[in-house]
Amino acid sequence: MLEPAGTHGVWSLDDYHFLPFYFGAAQLIDHRLIKPMSIHQSEIRENFGDDYMYLSCIDFIHKAKTGPFGEHSPILNDISGVPKWSKVNSGMMKMYKVEVLSKKPIMQHFLFGYILPLQ
């Protein structure tokens, strides 16, 4: 499901790719019961992980890494303190723009065309 991106490497969010978390946070915008802090509850991750990408990704990390979550995934742990998924989602896009899209070594290999024009 998730491939490690390398420690603080390109496309990296605590060793994992940005986009599953960005799309997963978008799924949870305006969810009445699941809040960003809910990622720390194993019951929530297990019961809703099949329906929500963000929870599935967090659950994968819990299974793949050992030790306190805040130590091996400090950025994701900090993000869980944000009160609303809409804020998590917008923050993910800002981070993705800075950490991926604005990096010339990455974007020089990106294929632009009719669907995604270079402007």
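**Close-up views of a predicted model**

**View 1. Ser-38 and its surroundings.** Ser-38 touches Leu-33 and Ile-44, leaving aside residues up to four places away in sequence; a contact means heavy atoms within 4.5 Å. The model is predicted, so local features need pLDDT of at least 70 and side-chain atom pairs count only at pLDDT 80 or more, while totals for chains, interfaces and linings use all residues. Residues are numbered from 1 along each chain as its sequence is written, and side-chain values use heavy atoms, with hydrogens and water left out. Ser-38 lies in the loop between helix 1 and helix 2. Because its relative accessibility is 7%, Ser-38 counts as buried (buried means under 20% relative accessible area, exposed over 50% and partly exposed in between, with a 1.4 Å probe and protein chains only).

**View 2. Asp-30 in the loop between helix 1 and helix 2 (42–48).** Asp-30 is not a glycine, yet it has a positive phi of about 70°. Is Asp-30 buried or exposed? With a relative accessibility of 73%, Asp-30 counts as exposed.

**View 3. The contact of helix 1 with helix 3.** Helices (H or I, at least four residues) and strands (E, at least two) are DSSP runs, numbered from the N terminus. The two helices, helix 1 and helix 3, pack with their axes 6 Å apart and at an angle of about 130°; axes are lines fitted to C-alpha atoms, for helices over the stretch in contact, and angles run from 0 to 180 degrees between N-to-C directions. Helix 1 is therefore oblique to helix 3, since angles under 35 degrees count as roughly parallel, over 145 as roughly antiparallel, 65 to 115 as roughly perpendicular and the rest as oblique. Residues of helix 1, including Phe-21, Phe-23 and Leu-28, meet residues of helix 3, among them Met-53, Tyr-54 and Ile-61. The residues of this contact comprise 10 nonpolar, two polar and no charged (Ala, Val, Leu, Ile, Met, Phe, Trp, Tyr, Cys and Pro count as nonpolar, Asp, Glu, Lys and Arg as charged, and the others, Gly among them, as polar).

**View 4. The largest nonpolar core.** This core holds 18 residues, and Phe-21, Tyr-54, Leu-76 and Trp-85 have the most contacts inside it. Such a core is a set of buried Ala, Val, Leu, Ile, Met, Phe, Trp, Tyr and Cys residues joined through side-chain atoms within 4.5 Å. At least two of its residues come from each of helix 1 (18–28), helix 3 (53–64), helix 5 (74–79) and helix 6 (85–101). Helix 3 gives the most, with five residues.
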